Amino acid sequence: GKWEAPEDTTEKYFDELHRVLEQLKRVCKPGARLSITIGGGCFPSKAVLVDEQLAGLASQVGFNITDILVARNSWCTRRRTEKVVQIRESVVCMENL
């Protein structure tokens, strides 16, 4: 059968990412600039735009997103050759307010 990531897997991932951002907010001085490089999530039927999710979570925590730079585009593949959906690796730039 076709494999799909359980919803709780992606939910746990973003919950952990949210906790990391909360700690970064706590320990970084106001005005500190951060850049986080992150890759997209690849599932058999879809791509998860992790950079956009990260930017949203960072904004919720209190960071100002200054840019999202796409560093590389790639493909989710099936059997290593069949292109399914495009993903990207990005650098999310932010400033601690």
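This is a predicted model: local features need pLDDT of at least 70, side-chain atom pairs count only at pLDDT 80 or more; totals for chains, interfaces and linings use all residues.
Which residue forms a salt bridge with Arg-88, and how far apart are the closest N and O atoms? The partner of Arg-88 is Asp-51, and the closest N and O atoms are 2.7 Å apart. This pair links distant parts of the chain, with Arg-88 in strand β5 and Asp-51 in helix α2, 37 residues apart.

The two partners may be described in turn. Asp-51 counts as buried, because its relative accessibility is 3%, and the cut-off for buried is under 20%. Arg-88 has a relative accessible area of 22% and is therefore partly exposed. The side chain of Asp-51 also makes a polar contact of 2.7 Å with the side chain of Ser-90. Leaving aside neighbours within four places in sequence, the residues in contact with Asp-51 are Ile-38, Ile-68, Arg-88, Ser-90 and Val-92.

Let me turn to the strands. β5 runs antiparallel to β1, and seven bridges join these two strands; Thr-37 stands opposite Val-91 of β5. β5 is also antiparallel to β4, residues 63-78, to which 14 bridges join it. One example is Arg-72, whose bridge partner in β5 is Glu-89. β4 and β5 form a hairpin with three residues between them, and Arg-79 in the turn has a positive phi of about 55 degrees. Arg-79 forms a salt bridge with Glu-82, with 3.0 Å between the closest N and O atoms. Arg-79 is exposed, at a relative accessible area of 66%, whereas Glu-82 is partly exposed, at 33%.

I come next to the interior. In soluble globular proteins, nonpolar side chains tend to be buried together. Here the largest nonpolar core has 17 residues, of which Leu-21, Phe-63 and Met-94 touch the most other members. At least two residues of this core come from each of α1, β1, α2 and β5, and α2 gives the most, with six. Not counting residues up to four places away in sequence, Leu-21 touches Ile-36, Leu-54, Leu-57, Ala-58, Val-61, Phe-63 and Met-94.

Finally, a search of the whole structure finds six salt bridges. One of them joins Glu-16 to Arg-19, with the closest N and O atoms 2.5 Å apart. Why are Glu-16 and Arg-19 separated by about one helical turn? The reason is that they are three residues apart in helix α1. Glu-16 is partly exposed, at 43% relative accessibility, and Arg-19 is partly exposed at 44%.

Definitions and conventions. Residues are numbered from 1 along each chain as its sequence is written. Side-chain values use heavy atoms; hydrogens and water are left out. A nonpolar core is a set of buried Ala, Val, Leu, Ile, Met, Phe, Trp, Tyr and Cys residues joined through side-chain atoms within 4.5 Å. Buried means under 20% relative accessible area, exposed over 50%, partly exposed in between (1.4 Å probe, protein chains only). Helices (H or I, at least four residues) and strands (E, at least two) are DSSP runs, numbered from the N terminus. Contact means heavy atoms within 4.5 Å. Two strands pair if DSSP finds at least two bridges between them. A polar contact is a pair of N or O atoms within 3.5 Å; within protein, one must be able to donate a hydrogen and the other to accept it, and residues adjacent in sequence count only if both atoms are side-chain atoms. A salt bridge is a side-chain nitrogen of Lys or Arg within 4 Å of a carboxyl oxygen of Asp or Glu.
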